[in-house]
Number of protein chains: 8
Amino acid sequence: MELTVYLAGQIHDDWRESIKEEAKKRNLPLTFVGPMENHDRSDHIGEEILGVQPNAILKDEAASKINNLRTDVLMNKADVVIALFGEQYKQWNTAMDASRAITLGKPLLLIRPAALHHPLKELSNKAALTCETPTQALQALSYIFES
Amino acid sequence: MELTVYLAGQIHDDWRESIKEEAKKRNLPLTFVGPMENHDRSDHIGEEILGVQPNAILKDEAASKINNLRTDVLMNKADVVIALFGEQYKQWNTAMDASRAITLGKPLLLIRPAALHHPLKELSNKAALTCETPTQALQALSYIFES
Amino acid sequence: MELTVYLAGQIHDDWRESIKEEAKKRNLPLTFVGPMENHDRSDHIGEEILGVQPNAILKDEAASKINNLRTDVLMNKADVVIALFGEQYKQWNTAMDASRAITLGKPLLLIRPAALHHPLKELSNKAALTCETPTQALQALSYIFES
Amino acid sequence: MELTVYLAGQIHDDWRESIKEEAKKRNLPLTFVGPMENHDRSDHIGEEILGVQPNAILKDEAASKINNLRTDVLMNKADVVIALFGEQYKQWNTAMDASRAITLGKPLLLIRPAALHHPLKELSNKAALTCETPTQALQALSYIFES
Amino acid sequence: MELTVYLAGQIHDDWRESIKEEAKKRNLPLTFVGPMENHDRSDHIGEEILGVQPNAILKDEAASKINNLRTDVLMNKADVVIALFGEQYKQWNTAMDASRAITLGKPLLLIRPAALHHPLKELSNKAALTCETPTQALQALSYIFES
Amino acid sequence: MELTVYLAGQIHDDWRESIKEEAKKRNLPLTFVGPMENHDRSDHIGEEILGVQPNAILKDEAASKINNLRTDVLMNKADVVIALFGEQYKQWNTAMDASRAITLGKPLLLIRPAALHHPLKELSNKAALTCETPTQALQALSYIFES
Amino acid sequence: MELTVYLAGQIHDDWRESIKEEAKKRNLPLTFVGPMENHDRSDHIGEEILGVQPNAILKDEAASKINNLRTDVLMNKADVVIALFGEQYKQWNTAMDASRAITLGKPLLLIRPAALHHPLKELSNKAALTCETPTQALQALSYIFES
Amino acid sequence: MELTVYLAGQIHDDWRESIKEEAKKRNLPLTFVGPMENHDRSDHIGEEILGVQPNAILKDEAASKINNLRTDVLMNKADVVIALFGEQYKQWNTAMDASRAITLGKPLLLIRPAALHHPLKELSNKAALTCETPTQALQALSYIFES
């Protein structure tokens, strides 16, 4: 049995790598998917494909369409979703992805620093599990395969 | 034909009132529902019902359960969802509600100041309509009933 | 038992009126809903609510969002959908509405002139019934209530 | 991770080939499916299987059943749908396929010449992405696999 | 609380009347719907609405479309379905209606003479309850309202 | 806005009455439904409708069919489900009803004595709210209507 | 792309073999599943697994449970369903399987002798295709794979 | 065709082994999944991943989250669910898993000693099959693959 895991959330540090490496070390049959992690490319993909847009807002809209396309296709394939919130940024797209997963019946693992407990309490209440580090989330996935 | 509208989002100003008054003035057959707007009551409802909790985190969890219960029951009844984002606060529960509405096939009207365009671009791309004022959202609802 | 009927399709003649009048004459418990039938208003609703747009394409996009919002809200309420195709116009939005109804499990009545048989054959094959006049469609609805 | 892509739309030029070749060149794990592209065969398949029909309309109906069967089976397997509209023909079956994809939660890529912007504005508003060339649609699919 | 009950099955005797009368006597808040019970009208409805058809098979097809339309609209509204099988006739449309109800999650009450036990055993196994008389089915519905 | 509440669980004391009275006192627009509370009648309903059964097991099966019919019909109508577990009895049907509610997306309120915390921990984790008294559950429902 | 095909219907002749052989000859990537074709074994499987039952009716019920289990598991895996009706037998379980397929959105191919047109007209109207021989059904499946 | 089978129920004896061995002996293409069978590990997994919890109740809650995560992920992958009830323990989580399977349309095989007939009669009525030994359940699965 193989599982596909969508890694939602910020693309400003290498938290996804730590999860992937740990999974590899444990030899888990997991396929990881997620958003474009190259921030610049993610911001410019709209103009790259559709051509130069009239202004910054339309450039953003073009990019968000293609990023949402990627998310929708990959999340439809996912068995579990991990969403990580960091201290910075609005991260409303992460909350959107997390809520979509829950509503589709795909278990959600929420990772966030303890300091974000209060503003994330409603989402945390809906998550299958809330933890503080990527390693904890990976441990929970690993547990699924233990006999 | 009557429609039920869930008003998601911040409870720190009276934006809901402006929508309700405008609907009344136009005589629209709309029933508005939404979260508890008394912030204090919303924060204490967990302890009010379940008794004093051991610490602030557990107090928050108790409250978030009951607030999520209210949201889930009322959103299940809603035909349309309006979500308003303001300049302050994390508002991840608003993003959660908005995304839940979209995933359930309930059209979402997004209200946000132009300044929040960039961080809300993915959610905006999924919304039925994004506008800047409660009045604009109400105008769109009003249009549904015009012949 | 009351039924809600969504009347999809062209807004360039008064076919909806003939259906409504016939239903009234027969005293059928039907509520009819549908798109904005004032073509000009339908084209300008985007700018009316969101303000003047930079160009014709963005004006169209703004209008289509609000017209789709109306369609989605009302079609979610509908028990049956009637879609009329005329000789003129592309009418791809009518085909979109008709297909959406079928996919949602809402029976579709297709009205089209015999001359359009060939290009509509796939949609016709999916419809509950294909006929040539609004009166025939209304007769079929009337039959649902006969004992 | 492999994706199945349904290529809806006209069968009068070789746009599907250009997409398949580009996917091959980029080594993308995509399986392409779609309607019968041999127009004659598509029109005669009903009589080929069921025998000669009494008239042209019944011949069309027999063919449309089998073409719809093919579409339904293959679209149920698809992860993404691309729909191309050209300048000619009614293409209501393309609009039907596109709308079915959207309603089933399968992201839709819409390809159409800029000249068709106005009549396709409602469908475009529902699509994940609207572009003008098959290459652009393929670029968007390619982006899903980039890391 | 009111319930809508679809009465599927043969239209050759007055079993529906016995159920309706019993419900009336017990003052139960039930609305009964079902197929056209006038057999002749049911067979001719296709030609009545669409005009004379080229042959008996096409006359049948036209009628079955309109009868299926009626069934689909009314069964979508139903909370419970009662299906009665008699000793005569093929009654495959009754089996179709019964199976549709089960698959849609609408509880099915099956009424059949004991003699039909063997050929109906698979359907009986899926029904909420199998009984032998309309009165028994009505008693079961009545039980839902008892306190 | 009115809500329908299914009251699942033991029928050996009058906990449902305390909820109904409190709701009445608070004037809440709630309709309460639930299983047959007359234990004897619930056990004999199978034989009452279907006649004497060959043995105790078949008598039980006949009764369970009709009790499940009642539960299914009423739970389909419910907006919220309250399930109460007491200290005695196996109560697997209560767990079945509670889990069905959760899986159907209907919020579940779980009432149980603190002593049952351990064996109910998985169900509690899935419930919208777990509390210890019927009054607490009613308070949570009441909160949904407060403005 | 591989497809799984459920072959519903009578088990009294070798129509399934003719389909399987033709598929093999054409090298089609089809996996065929279906009910137990050994009639005796199908009738006795209940007692074989659960032990001797008190009477013929209970023996039938035990068998129908296990045959329905087989059907449900395999039909859930199917992409297409073929249902064959013959001149003899009640075949209500075939109608049940066919209707279940349609309601689940799995295209149905109906095979029946022309003589059964009238009693099968409602089911035929819901089928993707109705034909008279197993070979015709296989030809339609074959067409799905042609390019 | 391969099937995935979720084995719900008590983890206090080796009933799962007897099923797996029998499946191996018969060479059936079955993949078995299920809960953590090491009771101690199951009870401590919450603290192992999330760290020491303030009290026994919170320790239980942490563990139940991770055990529910495992169940949800694996049951989503399952084609069939087997649930075994023993003479001891409350086993409400087993009833929860069984009911979830039924509601999701996954056939349920119920194993229980005859002595538990009465308290399990409602669940038994919803199960595809109720039997008394793991071997019987395996025989029923085996029957699915016989030709």
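Is Ser99(C) buried or exposed? I looked this up first in what is a predicted model, where local features need pLDDT of at least 70, side-chain atom pairs count only at pLDDT 80 or more, and totals for chains, interfaces and linings use all residues. For my own bookkeeping, residues are numbered from 1 along each chain as its sequence is written, chains are lettered from A and ligands numbered from 1 in the order in which they are written, and side-chain values use heavy atoms, with hydrogens and water left out.

**Ser99(C).** I found a relative accessible area of 2% for Ser99(C), which is therefore buried (under 20% is buried, over 50% exposed, and in between partly exposed, with a 1.4 Å probe and protein chains only). I placed Ser99(C) in helix α4 of chain C, residues 92-103 (a helix is a DSSP run of H or I with at least four residues, numbered from the N terminus). Leaving out residues up to four places away in sequence, I noted that Ser99(C) touches Met96(D), Ser99(D) and Arg100(D), contact meaning heavy atoms within 4.5 Å.

**His39(G).** I located His39(G) in helix α2 of chain G, residues 39-50, and at 35% relative accessibility His39(G) counts as partly exposed. I recorded contacts of His39(G) with Ile11(G) and His12(G), again not counting residues up to four places away in sequence. His12(G) lies 27 residues from His39(G) along the chain, and I noted a separation of 7.7 Å between their C-alpha atoms.

Terms used: Helices (H or I, at least four residues) and strands (E, at least two) are DSSP runs, numbered from the N terminus.
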